[in-house]
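Here's a quick briefing to read alongside the model. Have the structure open and we'll go from the overall build down to one pair of strands.

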Amino acid sequence: MDRRASSIDHAEVERFSRHAADWWDARGPMAALHKFNPVRLAYIRDKAAERFAREPKKLDCLKGLRMLDIGCGGGILSEPLARLGAQMVGADPSRENIAVASAHAQESGVAVDYRATTAEDLAAAGERFDVVLAMEVVEHVADVGAFVATCASMVKPGGLMIAATLNRTLKSFALAIVGAEYVLRWLPRGTHQWDKFVTPNELELAFERGGLRVIGERGVIYNPFADRWQLSSDMDVNYMLVAERAKPKEKTT
């Protein structure tokens, strides 16, 4: 791990590394993320299929698309995207997380290119992707603007970047920290720091500074009656943004 990388918060990396062995335990410390996974997976699938003229109901609807899951953790999002046909690169600065992700993918027979590296190193190497994902990551980095700009630089013309994070509101403090970490114990205490949450306006500005244009936004809420997460217009707590890099205009003669 390159400790010179400006967006890396090393305390956060070490915190998640301690839970590396728990990534694929759907009833363990990552249970809430497993329950959250279907709604974000469907959102990514649908937005990518729409962008690249694919049929989202096809099992290989993402075939041929090169995608980056930055901050992939143990790979619980990378694997299902690879099963949909995407050429997945899963990157995380934690070697412990990547070791777990690689072992699970090998056991499952899923092809994912896992790398213990940073967004900065990938960008410096000239990596480019049709879709860059930063899911539940921006609230854990040291410099949101630098991180988003680095990720945005890897989006191909005509490609997408999708981010999921937490809004910095009193409601998010009550639900995502007090409720989820201390009352319901869905997450280990200390998983989130409220002052590092990012408002939609702040994230959109970071996208724009990275040369991307936001083309979609959705909130995500928990439905206790159905015991599942679902899309919503309510962006007060969890939300997702999708942004595009425009294709160069064709020259006319």
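Let's start with how the chain packs overall: for 253 residues, a compact globule would come out with a radius of gyration near 18 Å, and the chain has 17 Å, so the two agree. Keep in mind that this is a predicted model. As for secondary structure, you're looking at eight helices and eight strands.

**Overall build**
- Laid along its principal axes, the C-alpha trace of the chain covers about 65 × 40 × 40 Å.
- Take the contacts between residues at least 6 apart in sequence: 69% of them link residues at least 24 apart.

- Buried residues make up 53% of the 253 in the chain.

**Charge**
- Counting side chains, there are 33 positive and 34 negative ones in the chain.
- The centres of those two sets sit 4 Å apart.

**Strands 1 and 2**
- Which way do strand 1 and strand 2 pair, and over how many bridges? They run in the parallel sense, with five bridges between strand 1 (residues 66–70) and strand 2.
- Why is strand 2 (residues 87–92) largely enclosed by the rest of the structure? Five of its six residues are buried, and buried here means under 20% relative accessible area.

How values were computed:
Residues numbered from 1 in each chain as written. Predicted model: local features only at pLDDT ≥ 70, side-chain atom pairs only at ≥ 80, totals over all residues. Heavy atoms only, no water. Helix = DSSP H or I, 4+ residues; strand = E, 2+ residues; numbered from the N terminus. Rg over C-alpha atoms; globule rule 2.2 N^0.38 Å. Buried < 20%, exposed > 50% of the residue type's maximum accessible area, 1.4 Å probe, protein only. Contact = heavy atoms within 4.5 Å. Lys, Arg positive; Asp, Glu negative; His and termini not counted. Charge placed at Lys NZ, Arg CZ, Asp CG, Glu CD. Pairing = 2+ DSSP bridges.
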